[in-house]
Each structure stands twice: as structure tokens, then as C-alpha cells.
Amino acid sequence: MTKLFLAATVLALATPAAAAPMWIERQAVPKARLIDPAFAESAAEASAIVDHAPWTGFLEIYVVAGADGINRVRYAAVNADDRAALGAYVASLEATDVGSLATGEQRAFWINLYNAATVRLILDNPGVVSIRDIEKPWDQKIATVEGRALSLNEIEHGIVRPVFNDPRTHYALNCASIGCPGLLRQAYQGKAIDGQLDMAARAFVNHPRGVTVENGRVTASKIYGWFAGDFGADDAGVLDHIRGYAAADLAAALHGAKKIDDYSYDWSLNAAP
């Protein structure tokens, strides 16, 4: 990538009003590449269960459903005790021997760590109106696991995407934005994670910020543009994926659609008013 092209890409992504073509935005998205083979190891017969109850307790108190169907976080209401409890929960995850866990437990571990660390990042930067107001939010080291300091980008693109290779992951990781799939009001759990991921997929696909069809034109979340290869080989493949979770009315509106006409995304902070 030339310096001129990179500069144009960064400028387009940094300017909210700019309508950069999706192919340009896609160039700036990290590829799914395993950062360490150790993170791909699991114990198939392991019975250990990670305790995510503290995270569920936090979510039940501070995540609320808006009238528009989007779950928001009451960041400004988090008290000192619960802030400390959140930090203790992240510390407990950092002390976990991830390689000794079964695959389902590992998947829940990484998703919960990503989401809890993201909430903590917002709490550490009070007053921001978008996570993009924070300097390099996805590249800051936010947790140390198995002796390696990790950023949000490394967790998502260096572990979760390459190890689990499941497009539903995108419905579970929350980047503290309105346009992102919402936080559940409960932690992900290893034994229940397939059902939870399906629930998260249906909730996002069938909400207007996921997919809308108007006069035959399909507008989809930029998540489907940025990570098109995770959902399908082309627009038709992405739409087939979407149809798998679409309710009857949306499925009918998408009948025969072969391309995505436009993309949208709202970077506003997912804060409760």
C-alpha cells in the first residue's frame, strides 16, 4: 500500500462526513491472522468453567434497552464499587489458563474479555461521545493473557476470528457504538454460546442498523462490508448469510436480492441517556 493511498484511507475513515467507498474502508480493516499458535490450543475434554457471574451482574445493572431496540450502557451511573468489581473480573480472566479450557469456554472467555475491557476503556475516558475520540482505542494494551499483553485488535483479529472462524462472532463483540451489535444483559457462557450467538445474530440482522430494504435497495451495516469475507465470498453470499437469521418480513423483502447497494454505521457512543 503506498503512502499516498494509506493517507487517503486514514483521512476517509477519520472524517465522519466522508463517504469513502467500501473497498477503501475494507483495506484498513485488520486481516484475521493468528498472533500466537498457543492461543489456538484447547483441551477438548476439559470440564473447567470460567466464572462470568461478576460480568453478568454488571450487565444486568448497567445495560438497558432503549425504545429503539438498542441496548445501551449507563456509563455515567457506574459507581466506584462496581468499577472496581469490573477491574477484578478482568483480572480474574487474565489469571485464567486459557489453553486448559474447552473450545466453547474459550470462545466465551475471549468475547467476555473483549466486551468487559471495552466498557472499562470507556469508563477510563469519561465524557467521550464516540470510542473514536480515544487515541488508538483498539491498539492499546488492555489485558495480559498467558503472559502476553493484548489489544482489542489482537483479541478480535489475532485470536477470535482466526481461531473460531465463525461469522457470528461479529454479533457478539461490542465496540461501544450504536452501530455495533448490542451487549447482551448476560455474559456469554461456554455451554450456551451457540444459542447465544444465534440470538445475537437474529437481533442484529432484524434491526434497522443491521439491514434495511427500501424500494428494492438493500442497505446493510458496514460490518458486512468491512468483514465481507467472513460472511460470504461476495454480496450474494453475505445476503445468504443474512437470510439465515432474517424474520419472515425481512426475508421476503430480500427475496431475489443479489447485491448490497449501500452501507451505514453509527459511531456514536452506546451510552444510555
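F58 is buried, with a relative accessible area of 5%. This value, like every other in this report, comes from a predicted model. W55 is likewise buried, and its relative accessible area is 2%. Both residues count as buried because the cut-off is under 20% relative accessible area. Helix α3, which spans residues 53-62, holds both W55 and F58, and they stand 3 residues apart, about one turn of the helix.

**Aromatic pairs**

A pair of aromatic rings is described by the distance of the centres and the angle of the planes. The model has 15 aromatic pairs. W55 and F58 form a stacked pair, whereas Y171 and F204 form a tilted one.

| Pair | Centre to centre | Angle between planes | Type |
|---|---|---|---|
| W55 and F58 | 5.7 Å | 20° | stacked |
| Y171 and F204 | 5.9 Å | 50° | tilted |

Y171 and F204 are both buried. These two residues also belong to one aromatic cluster, together with Y224, F231 and Y245.

In soluble globular proteins, nonpolar side chains tend to be buried together. The largest nonpolar core here contains 80 residues, and the members that touch the most others are W55, W110, L113, Y188 and Y224. Helix α5 (residues 103-123) contributes the most to this core, with 12 residues. Apart from its neighbours within four places in sequence, W110 is in contact with F39, V98, V145, L150, I155, I159, V160 and F164.

Notes:
Residues are numbered from 1 along each chain as its sequence is written. This is a predicted model: local features need pLDDT of at least 70, side-chain atom pairs count only at pLDDT 80 or more; totals for chains, interfaces and linings use all residues. Side-chain values use heavy atoms; hydrogens and water are left out. Rings of Phe, Tyr and Trp (its six-membered ring) pair if their centres lie within 6.5 Å; planes under 30 degrees apart count as stacked, over 60 as edge-to-face and the rest as tilted. Helices (H or I, at least four residues) and strands (E, at least two) are DSSP runs, numbered from the N terminus. Buried means under 20% relative accessible area, exposed over 50%, partly exposed in between (1.4 Å probe, protein chains only). A nonpolar core is a set of buried Ala, Val, Leu, Ile, Met, Phe, Trp, Tyr and Cys residues joined through side-chain atoms within 4.5 Å. Contact means heavy atoms within 4.5 Å.
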